[in-house]
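Colleague: I'm new to this one. Could you walk me through how to read it?

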Amino acid sequence: MSLSRLAVLVSTALIGFGLPTSAAAVPALTKADSPTAVSWLQRAAAAPNHVSYHGTQIITSWGPQGSSSAMLDVVHAASQGSEISVLGSSAPGAKAFVQRATTTDAAVDGGPLALLQATYQLVDKCCTDLIGRSAVLVEALRSDQTLAAKFWIDKASGLLLQRQLFSADGKTMVRATVFTELEIESSEFLGHLPPTVPSGVEAVGMGKVGHLRSEGWVCAPELPAALKLYDVHRDTTNGSLQFSYSDGLFNVSLFEQRGALDPAAVEGFGATDSPGVYVRYGMPSYVVWSSGGIVYTLIGDLPPDQLGQVVRSFPHERPVKVSAIQRLGTGLAKIATWLTPMGALSPKLG
Amino acid sequence: MTHPLDKLSAVVDGQLDHDSRDKVLSHLVGCDTCRAEVDAQRRVKARMAALESPDPSTDLMQRLMGVSSFSTEPREEVRPVITPVSLFPQRSAFPAGRSTGGTRPGTARGARSRRRAGVLGAAGSAAAVASLLGTAFVVGDPARSEQPPTLQPPVASFSSDHASTSSGAPFADPVALLNSYNGAGYAGLNPTLRPVALTGR
């Protein structure tokens, strides 16, 4: 085994087994988080597991094509999950149900909170009021001390009341989530929920990342915009792999499939500066391209600039254009191999 | 209640169009029998997909070489092969057999026949070369062998998977979750939104 391959395997093992530990260890070495800020965020992360509520929430996202907003009615049952309806849309009654993560998955999904701690300096800005409720304001700062995010956490329930995300300059807001009404409820179940549809998605786990790389899948442990790989899933229905990246604030899923991108698949997408890369901005944004026999679909809520950085960090091989003479030469060589009995069998013999 | 049994395997394979899939999923929501069937088919498919394809045995090619069709020896069967070159002696022999006047073979008729045969031979050779080059051009197409098959990424399904993953994250926005069953529009506001239950993890 070569040294470089050994190094990849060792680093993969470290990523697979050591990420939560290293993520937790980094803040102590490089920056000083406010202990109260960390504990408030931990409480906010855990609150939906034991607090039921009913509220109205507004989501706004700012991008190159202006802003887009949605008003949602959220009914959350601590033991089941959230039923989310779009208010004021042209589709009254449209609802989605998102099942609560199980306790086993919660440990995995704890990754992003650890990544939030690892990536940003967390500061407790103490006390404020929001929608008539007493709240705590926590700020996340980048290493250059620019503001990355603000969290308003309800003192009584621990629920996240408002979140604002800022671009790299620390001033331009790129995304905001705010409750305009919130009622804490005692019921733990929603009585009218339909059963869930079976899914073909299964967890692969970080321990198999090295094996996936050896099979030719592209999965860097880190991406630009401080995104880190923290989970891998496989969808058995379409053979795709899902690589989950996050920095604790923004989430990106990278889907990979064997094949080449069908031009018909990019209907509704816009072309970008990079040939063969197509994007559709929104909440979330979508980017698709293919390279080296893999079709990439990237879905995430990153601001456009960082989204572009992330996409550029991946391979972008364009199909090679062959001249007529080269094509004839390749064909003649191939025919020559057919005329030789051993040549015809050589692909089978390897 | 009519069970869409003929569509259950198609929904597992993801081969139904949007409307048909919605109808089947809506049925699955209220039908325990069909849901169990879909679940069972999914498990079988996942199990089959997890199986590794068996490696060919080491002496497979050696045994294949022993098969008569792979042998380098000439075959027993005789296939008639007609080429312009093979026609030449038959045509030239026929008039020679008819000439009973004791004329020598180097007459004007014989020369014309040879010229004709030569033109035919050249034309045949040119056709053969053109055919070879044509075949080579087709075979040499890089898209013919090296390129993988084209596909359309199932964006709606990917949106659902992304939402399921990020819903576990502490501060994911619900709009991403709404997009989970609406890969076609922005912000979960597309009027084609329909109530469909989602699975989480």
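Modeller: The buried residues of α6(A) pack against β11 (222-223), β12 (227-235), β14 (251-258), β18 (285-291) and β19 (294-300) of chain A. Contact here means C-beta atoms, placed from the backbone, within 7 Å. Helices (H or I, at least four residues) and strands (E, at least two) are DSSP runs, numbered from the N terminus. This is a predicted model: local features need pLDDT of at least 70, side-chain atom pairs count only at pLDDT 80 or more, and totals for chains, interfaces and linings use all residues. Residues are numbered from 1 along each chain as its sequence is written, while chains are lettered from A and ligands numbered from 1 in the order in which they are written.

Colleague: Which are the buried residues of helix α6 of chain A?

Modeller: A residue is buried if 20 or more other C-beta atoms lie within 10 Å of its own, exposed if 12 or fewer, and partly exposed in between. In α6(A), residues 304-312, the buried ones are A:Q306, A:L307, A:V310 and A:V311. They cover an arc of only 140° around the axis, so they sit on the same side of α6(A); that arc is taken from the directions from the helix axis to the C-beta atoms.

Colleague: And β18(A), how many of its residues are buried?

Modeller: Six of the seven, so β18(A) is largely enclosed by the rest of the structure. Strands pair if DSSP finds at least two bridges between them. β18(A) runs antiparallel to β17 (residues 278-280) of chain A, with three bridges, and A:Y278 has A:V288 as its bridge partner. Seven bridges join β18(A) to β19(A), also antiparallel, and there A:S285 stands opposite A:G300. The hairpin of β18(A) and β19(A) has two residues between the strands, and A:G292 in that turn has a positive phi of about 60°.

Colleague: What should I make of a positive phi?

Modeller: Most residues other than glycine have a negative phi. A:Q145 is an exception worth a look, with phi near 70°. Its place is the loop between β6 (133-141) and β7 (147-154) of chain A.

Colleague: Is A:Q145 buried or exposed?

Modeller: A:Q145 is exposed, with 8 other C-beta atoms within 10 Å. A:A226 also has a positive phi, about 60°, in the loop between β11 and β12 of chain A. A:A226 counts as buried, with 20 C-beta neighbours inside 10 Å.

Methods
Contact = placed C-beta atoms within 7 Å.
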